[in-house]
Amino acid sequence: MSDWKGYVYNIAFFLNGLLVFLLFFESRFAVPQWMQALGRMHPLVLHFPLVVLILYSLWVMIVRKPDSHTWNEALADSLLVIGTVTAAVAAFSGFVLSHEEGYESDTLFWHKWLGIAISIAAVIWYGARKSLLPWTAGAKVVAGAFLVLLFVGGHLGGNLTHGEDFLISPLGPSGEPAQHVAFEEAKVYEHLVKPVIEQKCLSCHNEEKSKGGLQMQTQALLTKGGKGGVLWDTTKVDLGLLISRLHLPLDDKKHMPPRGKVQLTEEEVVLLAAWVKAGSRFDQLVSSLPPQNPIYSYAQNVLGGDRTEEQYTFSAASADEVQKLNTNYRLIKPLSAGSPALFVNFYNRANFKSQDIEGLMPLKDQIVSMDLSKMPVKDEDIKALAKFPELRRLILNFTDITGGNLTELKKLASLRELSLSGTGITMAHVKSLEGFPALRRVYLWSTGIGPQELETLKKGQKIAFETGFRSDTLVMALNPPVIINEKQLIGKGETVAMKHQIAGTVIRYTLDGSEPDSTSSPVYDKPIAINGNLKLKARAFRKGWYGSTQVSKLFFKEGIHVDSAQLITPVDQRYHAKGAASISDGKVGDTERVSGTWLGYVENDFQSYLFFKKPVKASVVTVSTLRSFGSFIFEPTRIEVWGGADPKTLKLLKVITPGVPAKDVPGTENIVYEAGFEPQQLSCIKLVAKPLNKIPAWHSGKGNKGWLFVDEVIVN
Amino acid sequence: MEKPIFDFGMNTTRRHFLSKLSLGVGSAALGSLLIPDLFKGGGGEPDVNELMAGLPHFAPKAKRVIYLFQNGAPSQLDLFDYKPMLNKMHGQDLPESIRGGQRLTGMTANQAKFPLAGSIFNFKQHGKSGAWMSELLPHMAGIADDLCIIKTLNTEAINHDPALTFFQTGAQVGNRPSFGAWLSYGLGSENQNLPGFCVLLSRGKGNGQGVYSKLWTNGFLDSVHQGVQFSSGENPVLYLNDPDGMDRTQRRKMLDNLAELNQGTFNDFGDPEITAKVQQYEMAFRMQTAVPEITDMSKEPESIVKMYGPECLVPGTYAANCLLARKLSEQGVRFVQLYHQGWDSHGGLPTEIKGQCMDVDQASAALVTDLKQRGLLDETLVIWGGEFGRTNYCQGTLTKDNYGRDHHPRAFTVWMAGGGVKPGIVYGETDEFGYNIVKDPVHVHDFHATILNQLGLDHEKLVYKHQGRRYRLTDVAGKLVKGIIA
């Protein structure tokens, strides 16, 4: 049973012999193809001897005396022989692996010879174990030496695979330096490309292990390329070696990083490709790229994204102090819970005094942002603002400043953003901003600076100028004027008023049904007196705008009071309004809603009586009807007005026969008929109106009966 | 076997116990060092309501929100989500494989066929991101580089009221605090002279759906967080003037005396609503001077009128509300909520949507541009969108130039601008029928979580304990949509 130890030991012995032999002829040794696989087993095998030999060495260290119950000879022998053979396999495979390209450095030298030493020493130890009993001092020394060899060799091996500072880098202060750079200062190579290379490429392409002859630590090394040549070639469709190998399918032998290593993310590949395509520049700023550039959006994700907060080095002010200086019109708050930085907003112009700025001095080392928009801030107040050294952002929109003293703010070493929209500053003041140390964004909308001058500013490199919307060249249509009167029945002495919301806009109108124009139609300047039934049409005009669309409304002169009305034919029950009373209720012309004020007829004619207690002198009867094609409502085909002293003695006074409407007239309209006749005394008027019998062929309801809607009858 | 265990027990001394204990405690202590948040939130369970000191949890990107709610659900397929496949298959039935068992509303459930309806409007790509937008939105197209267009919003509700309530309160049932109320609670008011949460209503000519005050309720939060609805007439805030014969000092005295009485009652009963009331009286007093400054449009330069369109001076219009929203937000109102009604185009969509777009396109774009030129877009998040989308198939009769669309909750488009979201991007993709999401879905809870994040709030930490349960705007869901955060 213990024979197996012998066999195993022999294998170890044999392997070590082979190893020593090959070491002698190392310069002439070429790894055969089939043996490469053996070499690559090195990472798999090496952990066995490491663990087993450490275990055995520790065991030897603690054994005190021969009869110690801690000593189990059979088990100890098994451990040592396993350690010996696995060490031999590991050493041999490591030797083969080291002959693959890309490993030539000091680290490798030491790792290799330590590995070989361990392997050979283990064999010797096993052979001499009987004479080197574990409770002797000599054994303890050997075990200690083994432990040192194993730890050092193992560590060197780890460095080879993962990189020199892999183990201790998380302890260092550097962390991920890219995270802390401000977006404006970030460089494409240094802060975006380099971290990717460091994380995903450097472990195989560094000083110690330069696979393919390529090292990637520095600009010079990257530009030099590897054995395969230079890394990029923008004249090629695939952008050269670096990018094309990233793009190869994962299964391809030439794909980088090799299968099994951490792969680049899709975004990182896009980043590298975009960088190479743009000429692989090493000094370019991210902020100089257009926002749609893939590098820019990558940078936004990596640098600007996800809760990266500016780190403030100053200490927080006392909460009491902040509380004390807060008023209803001056808000002071930390940027967020636990942040020492404060922002200040001012509200309500009427309550603002210059001292309100001075009053913040106790917090001058904490205030990073101040919003004074619309406050009556004067040029003198700028000096006070210059005393807040930590200001990053200052908003002075629509204040009373004119640009004087603006250079005082140059003292603010951190001022990044300055908003001057709606102030009186001029081009000369803007020029002086260029010397501000940290200024990056300036807002200049609605200032005294002309469009050409603003154009020249946009080319500036360091400061981005936001110039905003300009309306000078934009012409658009005005909205129509508003007719204020809601009632359409106008009594004696009442007038019709109009207005337009944009002050200073001219309203022109007509009363004769013609279209108002911008030159000849009368200008509305005071409420209009209405005499008779008429249609008011109005439009608005203003310099720099197109004239508005037309607004129109029918007005009726209030008629003679009707004492009672009676419907002769029944009204359709769906649209009955208030029955006969609706004819003379003063509600007229609502084309929006068909129910409530309109009487609807489809089967019957509209027929009704109007009675006057005392005879009235009348000469005209006005009938208001509705046209709404969509609802099958048409004008009447015939209107008859009868009059007399009572219903039995009526005479026909007037007949109107409107034609059938054509398709192209307005689809919804209030249509009014005036039936005039000889002036005469009347106590009773009978009105008849006939709905359309057959809807014309152009309408979707052709052939059916049309509806007739009547809402008011006015007698004058 | 018994004996050794007994012996062991007998031999375990106090010394053993203490030394083992110290090891145990030590390991727990080391463990706690490795999990920094362990004793912060969960462990001790301090009163969560107390924790909210009106400060963001971390440095915010945005301080304020203007939410341009397009009530009734605009058709994403006629505005943003360009699907030429629908034009190619115009009139053919929606494949069942695409519909995938999606429930239907009562309005189209009985339809025998679901004919696909391609948009009759022309689409073009705009901005450097090449975002597709239809000809109905020329002004929004002009600011494409400022917009973050999310094509893959999705919701759980299929009818207006629950969907709207879900968007506004994070739950489909009513009576939960509205989004704006949560913000007012979480961040406090910036300007003590104005409410932290204002609501402005307008309505277009298209088929409309109601909005109700439950959408801007404070729910179980203190009533100071309730949304204040502005009137759409000439005077946005009614009864602001002192009555004739009463001046500011008299009013002040009256309020002081009233506050004294209220304080007495509060001492007796301790009802927090009493203090809320006193605060509201005080704010109303200050609003008397603050509001006229805001609602006075006469000082707006003509370029602003041209930018928002002349309608912006007609009270009650969407354009006027956009302008007012800018002025309120500029003055520190945390959340300005607009609703524009009339997007529910079940029939006659081409005509209705044209009118709706005329109402909102210019003013929405102007609001973004206006904030930008004042340097405020960075800290103001503008959101534009409805409660769900509309179907790719026709409701009612499909003709060459007329169609209607029913409700579609599975995928619809919302855009955001400013407030630390990425400008000039299109996020998410729908399939070629515009029916299902194929990439990067954004659920309403995710949408809420992301907006809260932009405001410096962790949606999992913004909680309020009510009737024994801790509530969140995002309920028990929601994850950040990192892809849109700049």
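Which domains does the domain assignment give for chain A? There are domain 1 (3-162), domain 2 (177-301), domain 3 (319-466), domain 4 (482-556) and domain 5 (559-715). Keep in mind as you look around that this is a predicted model.

**View 1. The domains of the two chains.**
Once you have found the domains of chain A, look at how two of them are placed: the centres of domain 2 and domain 4 of chain A, taken over C-alpha atoms, are separated by 71 Å. Chain B is divided into domain 1 (2-34) and domain 2 (61-484). Between the centres of those two domains of chain B, again taken over C-alpha atoms, there are 61 Å.

**View 2. Spans of chain A that carry a UniProt label.**
An unreviewed UniProt entry puts the feature "transmembrane region" at residues 7-25, 45-63, 75-97, 109-128 and 135-156 of chain A. Take residues 75-97 of chain A: the model makes this span 100% helix and 0% strand, with the end C-alpha atoms 32 Å apart. Residues 135-156 of chain A come out as 91% helix and 0% strand, and here the end C-alpha atoms lie 31 Å apart. Further along, at residues 201-260 of chain A, UniProt (unreviewed entry) places the feature "domain: Cytochrome C Planctomycete-type". That stretch of chain A is 22% helix and 0% strand, and its end C-alpha atoms are 13 Å apart.

**View 3. Where chain A meets chain B.**
Here 43 residues of chain A are in contact with 43 residues of chain B. On the chain A side, helix H12 (294-304), strand S1 (330-334) and strand S5 (417-419) each supply at least two residues. H12(A) gives the most to that side, with 3 residues. Sort the chain A side by class and you get 17 nonpolar, 19 polar and 7 charged residues.

**View 4. A sheet in chain A.**
Four strands of chain A line up as S9-S15-S14-S12 in an open sheet with mixed pairing. At the edges sit strand S9 (489-490) and strand S12 (506-510) of chain A, each pairing on one side only. S12(A) runs antiparallel to strand S14 (residues 534-541) of chain A, and 5 bridges join them. To find your place in that pair, look for Tyr509(A), which stands opposite Ala538(A) in S14(A).

**View 5. The largest nonpolar core.**
This core has 119 residues, and Cys148(B), Cys322(B) and Val382(B) are the ones that touch the most other members. Helix H14 (residues 349-373) of chain B gives the most to the core, with 10 residues. Apart from this core lies another, of 53 residues, which includes Ile530(A), Phe555(A), Val621(A) and Ala689(A).

**View 6**
Why is strand S8 (residues 380-385) of chain B largely enclosed by the rest of the structure? Because 6 of its 6 residues are buried. Thr380(B), Val382(B) and Trp384(B) point one way from S8(B), while Leu381(B), Ile383(B) and Gly385(B) point the other way. Leaving aside neighbours within four places in sequence, Val382(B) is in contact with Ile66(B), Leu68(B), Leu367(B), Val368(B), Met416(B), Ala417(B) and Gly418(B). S8(B) pairs in the parallel sense with strand S1 (residues 64-70) of chain B over 6 bridges, and Val65(B) stands opposite Leu381(B). S8(B) also runs antiparallel to strand S11 (residues 412-418) of chain B, joined by 4 bridges; there, Ile383(B) has Met416(B) as its bridge partner.

**View 7. Strand S4 of chain B and its partners.**
In strand S4 (residues 147-154) of chain B, 8 of the 8 residues are buried, so this strand too is largely enclosed by the rest of the structure. S4(B) and S11(B) run antiparallel and are joined by 5 bridges, with Met416(B) as the bridge partner of Cys148(B). Strand S12 (residues 425-427) of chain B runs parallel to S4(B), with 3 bridges between them, and Ile150(B) stands opposite Tyr427(B). Another 2 bridges join S4(B) to strand S15 (residues 442-443) of chain B, also parallel; the residue facing Asn154(B) as its bridge partner is His443(B).

**View 8. Val211(B), a loop residue.**
Val211(B) lies in the loop between strand S5 (197-203) and strand S6 (228-229) of chain B. Is Val211(B) buried or exposed? Val211(B) is buried, because 23 other C-beta atoms lie within 10 Å. Not counting residues up to four places away in sequence, Val211(B) touches Asn71(B), Leu201(B), Tyr339(B) and Gln341(B). The C-alpha atoms of Val211(B) and Asp161(B) are separated by 8.3 Å, though these residues are 50 residues apart along the chain.

How values were computed: Residues are numbered from 1 along each chain as its sequence is written. Chains are lettered from A and ligands numbered from 1 in the order in which they are written. This is a predicted model: local features need pLDDT of at least 70, side-chain atom pairs count only at pLDDT 80 or more; totals for chains, interfaces and linings use all residues. A nonpolar core is a set of buried Ala, Val, Leu, Ile, Met, Phe, Trp, Tyr and Cys residues joined through C-beta atoms within 7 Å. A residue is buried if 20 or more other C-beta atoms lie within 10 Å of its own, exposed if 12 or fewer, and partly exposed in between; C-beta atoms are placed from the backbone. Two residues are in contact if their C-beta atoms, placed from the backbone, lie within 7 Å. Ala, Val, Leu, Ile, Met, Phe, Trp, Tyr, Cys and Pro count as nonpolar, Asp, Glu, Lys and Arg as charged, and the others, Gly among them, as polar. Two strands pair if DSSP finds at least two bridges between them. UniProt positions are given in the numbering used here, feature names are shortened, and annotations may be inferred rather than shown by experiment. Domain bounds come from an automatic or database domain assignment.
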